[in-house]
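The points below move from the chain as a whole to selected details.

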Amino acid sequence: METTLNVSDIISIINMVISIGIIKVLREKESFFKSQIDSLKDIHSISEEISKKQIAELKESKLQLEKKLVESNVNSYSYINSIKSEIDKNILIEIKKLFKDYERLKQNLSQPPMNDVELHLSMAKAFSANEEWLKAAKQFEYVTKNNNNWELFFSQGIAFANSRNKKYYLKAIESYSLAITYIPENKNTNLKARIYIYKGSLLKRLHRLDEARNDIELGLFFANEDYEVSDGLYNLACIYAMQQNSNKFYEIITKLEEIEDNQTLNRLKYRLKEYAPHFSDKI
């Protein structure tokens with residue numbers, strides 16, 4: 001006697017077969033995902049070990065670099081006090097090599113880099129002492145990222161300006177402007193004078209002469225030391241020559257002659273060949 005399956009029985013059998021298949025697939029997937037999770041754990045563990053090793057190497061590299069920087073006495077270099085320390089060439093070569101190694105290790109680090117602002121400041125001074133101005137400026141940029149120290153912005157501006165690369169003159173002007181913003185009200189007026197005059201000098205190089213004159217005149221208002229007064233008068237004379245303002249130009253020449261500042265007069269005569277050739281023979 002044959003057993004006849006109705007539609008309901010057939011559907012039940014099909015569902016059972018499907019369920020068995022799904023369970024088998026799920027078990028296979030479970031096994032696969034478990035192996036993947038185990039692999040990720042292994043990778044994470046290896047990554048942690050690599051990171052620890054990288055951090056240890058970076059710390060050791062930084063320590064060696066800091067020791068060499070201390071040995072070079074580079075941190076005595078100062079734009080503010082006009083201290084220009086000399087660094088032995090062999091020591092400087094070693095410093096640059098150590099810094100290159102340090103930067104390579106830092107770039108390879110899988111974790112956020114350690115706080116190394118002081119290190120970059122020392123390197124900025126090292127590059128400045130060697131008159132590698134653009135490299136110095138780049139290091140100052142790292143230092144001034146989250147900083148409102150007027151001295152650092154002033155130093156950064158000097159480095160960009162001394163690169164003599166027109167591409168970076170606006171960065172120098174911006175740096176001087178920030179130095180002016182952050183310098184304390186009670187700070188030495190000659191330092192204020194110097195920043196305004198340096199900023200005006202950059203604007204002069206960009207032929208933004210009215211702006212340059214305004215900054216330099218403000219700098220001369222603050223100035224009462226020979227260096228700042230001479231530098232301000234020199235730049236102002238250049239501007240009047242570039243504007244072909246003979247009367248104002250000769251007023252400056254007369255002031256320089258009265259104070260017997262022959263060094264600035266000679267400097268002016270030389271530089272006017274670039275800024276205003278038709279005035280260079282009028283001194």
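How many helices and how many strands are there in the chain?

1. Overall make-up. The model under discussion is a predicted one. Its chain holds 11 helices and zero strands. Followed along the sequence, the pattern reads α-α-α-α-α-α-α-α-α-α-α.

2. Burial and surface. The chain has 283 residues, and 40% of them are buried. Its accessible surface amounts to about 17,400 Å². Carbon and sulfur atoms account for 52% of that surface.

3. Contacts along the chain. Consider the contacts between residues at least 6 apart in sequence: 58% of these join residues at least 24 apart.

4. Helix 2 against helix 3. Helix 2 covers residues 89-108 and helix 3 covers residues 117-129. The two pack at an angle of about 140 degrees, and their axes lie 11 Å apart. The crossing of helix 2 with helix 3 is left-handed. On the side of helix 2, the contact is formed by Leu-92, Ile-95, Lys-96, Phe-99, Tyr-102, Glu-103 and Lys-106. Helix 3 contributes Leu-119, His-120, Met-123, Ala-126 and Phe-127. By class, the residues of this contact comprise eight nonpolar, one polar and three charged.

5. Gln-156. This residue belongs to helix 5, which spans residues 150-162. Is Gln-156 buried or exposed? Gln-156 counts as buried because its relative accessibility is 6%, below the 20% under which a residue is classed as buried. Apart from neighbours within four places in sequence, Gln-156 is in contact with Ala-137, Phe-140, Glu-141, Thr-144 and Ser-175.

6. Thr-144. One of the partners of Gln-156 is Thr-144, which is placed in the loop between helix 4 (133-143) and helix 5. Thr-144 has a relative accessibility of 9% and therefore also counts as buried. Which residues does Thr-144 touch, not counting those up to four places away in sequence? They are Leu-152, Phe-153 and Gln-156. The C-alpha atom of Thr-144 is separated by 8.9 Å from that of Val-117, a residue 27 places away along the chain.

7. A reader may begin with the left-handed crossing of helix 2 and helix 3. From there, attention may pass to the contact between Gln-156 and Thr-144. In that pair, Gln-156 lies in helix 5, whereas Thr-144 lies in the loop between helix 4 and helix 5.

Definitions and conventions:
Residues are numbered from 1 along each chain as its sequence is written. This is a predicted model: local features need pLDDT of at least 70, side-chain atom pairs count only at pLDDT 80 or more; totals for chains, interfaces and linings use all residues. Side-chain values use heavy atoms; hydrogens and water are left out. Helices (H or I, at least four residues) and strands (E, at least two) are DSSP runs, numbered from the N terminus. Buried means under 20% relative accessible area, exposed over 50%, partly exposed in between (1.4 Å probe, protein chains only). Contact means heavy atoms within 4.5 Å. Axes are lines fitted to C-alpha atoms, for helices over the stretch in contact, and angles run from 0 to 180 degrees between N-to-C directions. A crossing is left-handed if the near helix is turned anticlockwise from the far one by less than a right angle, and right-handed if clockwise. Ala, Val, Leu, Ile, Met, Phe, Trp, Tyr, Cys and Pro count as nonpolar, Asp, Glu, Lys and Arg as charged, and the others, Gly among them, as polar. Accessible areas come from the Shrake-Rupley method with a 1.4 Å probe; for residues, only the protein chains shown count as cover.
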